[in-house]
Amino acid sequence: MIDTLLGSSFLYACLYISLSICCAGILFKVGRWFIIDTGPVSVRVPRWKRVTAAIRSMLSALAGRRALHLFRLILLEGLLQTRILKTSAWRWMMHVSIFVGFTMLVLMHALDEKTTKVLFPEYYSTLDPFQFLRNLFGAMVLFGVAIAVIRRIRFRKPIVVTRGSDRIAVAIVSVIIATGFVLEAIKLTSERVYKRMTEAFYSSASPEDENALKAYWAKEYGTAFASWKVTITPELLARGKQIHEETCASCHSSATSAFISHPIARAVRPFAAALDRHGVELWLYYLHVFACFAALAYFPFSKLFHIITNPLSIVINGMSDIKDADTPAAAPRRALELDACTSCGTCNRYCSVAPVYRMLGNMEILPFQKLRNVKALAAGKMNNPAKLQEVSEGAFICTTCYRCTEVCPAGINLQDQWFSSRALLAEKGFPQPHVWIKEKSASEWSDRIHYSERDAHEAAPIKGRYYNLTDDSEIFAPCIQCQTCTNVCPVVAARGDSRDAVDISPQKIMNLLRLGLNDLAMGSRMVWDCLTCYQCQEHCPQGIRVTDIIYELKNRAYLRFREMDRWKKVDEDAT
Amino acid sequence: MTLPKAHNYDPKRIFDLMIIGSGMAGMAASLFAVNRNLSAVQAGSAGGTLFTSGLMDILSVYPPAERRVWDNPWAALAELRKNASQHPYARVSDDLIRRAFDAVTTFCGAAGIKFRLGGERNLKVITSMGTMKYTYGVPESMWACVEALADKRPCLVIGFQGLKEFSARQVTSTIADEWPSLRACRVVFPGTEGRTEVYAVHLAQALELASIRESLAERIRPHIADARAVGFPAVLGIKRTSVITAHLEKLLGVPVFEIPMMPASVPGFRLKELFDSELPKRGLLRLIDKRVDSVSRLEDGTFVLSISGEDEVRTIRARGVILATGRFMGKGILSDRRGIFEPLFNIPLHQPNERALWHSERFLDPRGHPLNSAGVEVDEFFRPVDNKKNLIHENLFAAGTILAHQDWMRMKCGTGIAIATAYAAVEAFSEMFIRAESKVVAQ
């Protein structure tokens with residue numbers, strides 16, 4: 001039964017089915033890169049132009065000295081994965097272990113007929129060094145997977161968010177490797193396999209010799225022979241060794257080099273007869289093979305697809321100017337990058353405004369969450385105004401400091417993603433706060449605060465750590481209204497046109513604070529146009545923290561206006 | 001005593017002199033210290049020199065209760081000394097005051113702000129309030145006013161639309177009795193059309209451009225008529241006032257002058273910029289916007305001053321300290337329910353015995369208020385002493401308006417006190433601690 005199914009047309013059929021799913025999936029994914037666009041609708045490039053632009057830039061990458069740069073990128077950032085090493089040695093170890101281990105297993109073991117056998121004609125999977133290497137690579141993968149799991153347990157939300165796709169990827173890889181090891185172990189212990197092999201390769205001259213070989217295998221390989229009662233003597237073993245060397249050793253290295261499977265074999269030996277009886281070896285074989293087929297078919301839709309997308313993203317972004325990324329080829333690149341993100345969370349760890357998440361509790365501030373939003377927005381899956389408002393807030397809190405792009409192991413140009421998706425958000429009616437706040441004047445905002453909070457006993461206290469400059473009279477009382485702040489303010493100076501002139505100059509803001517009229521200052525152009533250049537604060541002869549005060553006013557204003565204007569508006573829209 | 005051009009902060013380094021305060025007295029003391037090749041460090045707020053009008057008084061009113069205005073400051077000083085006043089001026093000679101003024105104006109002149117001094121007389125200028133003011137030194141840009149006012153020549157005062165702190169009409173109508181040929185005219189400053197409010201520094205910055213000056217002159221020219229000089233609010237540039245004034249004079253064909261304005265005004269801004277940029281070049285370690293929080297003193301007399309910043313505390317060691325922190329505005333003196341106090345060294349102050357005596361009954365009492373003469377009492381070397389005339393520390397000096405027994409606002413002697421006492425204090429420190437040391441070495 002075993003022989004009929006090994007290498008049977010059924011398995012081949014399954015292989016080809018999963019292979020074709022894989023190929024179709026890859027085609028589908030690559031095709032999508034040229035179809036979706038995450039940028040604003042107004043400046044979209046026709047699809048055929050995206051294709052030609054992509055081809056053109058690919059060709060130009062091969063020309064002259066750029067080819068050298070390309071080679072360096074592939075070697076260092078692609079194969080040696082220096083981008084991961086940049087931020088974490090552990091992650092690099094994890095990634096290299098899994099990558100090298102798994103790739104080598106695929107090449108040396110899964111495709112042995114096509115690769116290893118061609119390179120090494122004397123190849124047998126049970127011969128050293130192949131037997132040893134197979135164990136080594138398998139151990140590497142398991143080691144890497146273990147680090148990955150520990151990492152996911154240790155770093156939780158908001159740094160790393162583990163989702164179904166992450167679990168499936170880890171599970172599939174673990175199942176393939178684990179079944180491989182156990183299968184190898186069971187084969188060692190199985191009497192049935194022993195019989196199959198001896199029937200095929202060894203014709204015994206006498207029962208004495210048969211026993212000798214059995215004794216030798218039982219001792220050296222851990223094979224368990226049921227209902228076999230022979231007193232094992234040194235002479236018998238010596239004879240067994242002799243037969244082994246004559247008959248088996250050309251294909252079987254010592255079991256000790258299978259440094260993982262062999263101990264497993266010892267452990268399962270007591271149950272070997274039962275396992276044999278139920279044909280577990282066969283079932284494990286199917287599990288192993290079908291797990292591989294499943295991985296193959298699932299590959300383009302899984303996290304594992306980053307084996308292709310990450311090097312592509314690294315190379316494309318490494319070859320282009322990330323600060324001037326708006327070309328016709330930008331749209332396919334952005335779409336490709338969406339597939340390249342593995343949600344590793346590195347961007348979150350380095351995000352400059354991640355601490356704001358602790359204040360506002362809005363997950364959409366964090367870069368990898370934002371990238372998911374970009375994906376959902378582009379796919380047109382995000383239409384709930386309340387959600388869009390949250391996403392808009394997250395998008396605009398970002399300072400585009402380039403830190404996430406700098407550390408992204410996949411080399412994704414995250415800034416470009418932020419810029420283009422912001423523009424799209426603005427198009428959808430969710431622009432930056434200073435745009436919607438300027439739809440009303442400072443006094444209108446002040447009135448709205450008055451009316452909307454009239455019934456509340458007092459404004460809700462702000463949670464968490466917060467500076468309190470605007471309520472502390474010690475801070476602004478020393479102001480003598482000398483106008484120095486206003487005189488040195490570049491924003492006041494630059495507003496030549498009376499229509500967008502600064503309405504309440506810095507020294508007037510200080511005066512409003514002294515009068516307790518903070519509400520009137522909150523919606524002012526000054527507060528919302530302030531560049532935080534700190535000229536006023538540095539020049540203030542009274543040492544007042546003018547800029548810090550204005551900055552705090554802006555933050556406080558945002559919290560209140562958002563509640564009054566955006567959330568309510570959103571509610572109206574929803575009803 | 002070599003001075004590095006740029007000091008790197010070194011907590012172990014012992015400076016010769018630490019100057020606390022960045023107003024006129026602190027700046028002058030820093031200048032005199034670096035002029036004497038002392039290693040000096042200065043800390044204080046962003047800069048009280050911002051509040052100066054650009055005019056330099058020595059003494060114009062004495063005694064303040066009589067509101068007697070003096071044409072000759074030196075005669076006023078003689079009168080003050082004759083009356084055995086405890087005024088800080090009683091401890092300095094005329095010669096020292098002249099040397100101090102000379103040093104400051106030479107420094108400013110070299111850095112681009114020329115001053116004209118009255119010599120034996122006080123100079124007369126008009127202010128943005130339309131009042132007449134006696135002062136000892138004026139910037140070159142205000143000199144034409146002194147000359148025009150002396151002869152009561154027909155002149156034109158220009159105001160700008162939207163510049164709230166200056167009204168040409170107010171100037172001319174207030175001074176009309178004394179200077180009837182002064183006319184007022186309001187124009188729109190080029191580039192500010194339609195704006196309800198404009199700011200002096202922005203106008204000054206704009207005037208640095210020749211094209212703005214040309215178009216401004218274009219707007220003024222029709223109004224000149226018989227005017228033999230044109231007065232502006234003090235906004236004629238920040239860095240290159242002499243060039244701007246000369247260009248405007250050429251464009252208008254008559255002398256041009258600036259009228260000092262209420263603080264904080266552009267001439268104060270110029271002085272602040274000048275001190276901020278020029279003094280560090282001469283070797284001063286200037287800690288801008290850093291206030292000294294606390295002071296301790298080692299056994300050998302070295303002061304250890306701690307200065308807090310946003311996220312670090314620095315300590316500075318110095319062999320001597322000049323306290324030039326001013327009075328209430330400069331936070332050199334603070335007050336509470338029990339009285340006024342000096343927060344840093346806790347120097348006992350000369351002050352009224354109880355709160356009820358701080359102020360006179362009438363706000364505008366010409367004698368001023370007793371609190372206006374409160375402050376630090378010093379010995380002949382400007383070293384603070386307590387109420388029993390005992391020295392606080394032999395290497396602690398005080399200068400400027402923190403000193404007691406003067407009412408500089410009513411006596412019009414603020415700059416003079418600041419500069420002269422700073423000079424005297426630096427000289428005393430240098431004589432006592434630096435020259436004495438070199439004498440020992442020489443022997």
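I began with the spacing of domains in chain A of this predicted model. Between the centres of domain 1 and domain 3 of chain A, taken over C-alpha atoms, I found 86 Å. I then noted the bounds: domain 1 of chain A covers 189-276, domain 2 covers 305-431 and domain 3 covers 469-574.

Next I turned to chain B. Its assignment gives domain 1 as two segments, 14-53 and 269-442, and domain 2 as 128-260. For the C-alpha centres of domain 1 and domain 2 of chain B I have a separation of 36 Å.

How many residues of domain 1 of chain B are in contact with domain 2 of chain B? I counted five, and they meet five residues of domain 2 of chain B. On the domain 1 side I listed three charged residues, one polar and one nonpolar.

The largest has 164 residues. Which of them touch the most other members? I noted B:Met18, B:Ala28, B:Ala29, B:Ile322 and B:Ala422. Helix H11 of chain B, residues 414-442, supplies the largest share of this core, with ten residues.

I followed up on B:Ala422, leaving aside its neighbours within four places in sequence. B:Ala422 is in contact with B:Ala25, B:Ala28, B:Ala29 and B:Phe32, and also with B:Ala324, B:Ala399 and B:Gly400. Two of these contacts, B:Ala28 and B:Ala29, were already on my list of core residues touching the most other members.

Last, I recorded a second, separate core of 44 residues. Among its members I wrote down A:Ile98, A:Leu213, A:Tyr221 and A:Phe305.

Terms used
Residues numbered from 1 in each chain as written. Chains lettered and ligands numbered in written order. Predicted model: local features only at pLDDT ≥ 70, side-chain atom pairs only at ≥ 80, totals over all residues. Domains from an automatic or database assignment. Contact = placed C-beta atoms within 7 Å. Nonpolar A, V, L, I, M, F, W, Y, C, P; charged D, E, K, R; others polar. Core = buried A, V, L, I, M, F, W, Y, C linked by C-beta atoms within 7 Å. Buried ≥ 20, exposed ≤ 12 C-beta atoms within 10 Å, placed from the backbone. Helix = DSSP H or I, 4+ residues; strand = E, 2+ residues; numbered from the N terminus.
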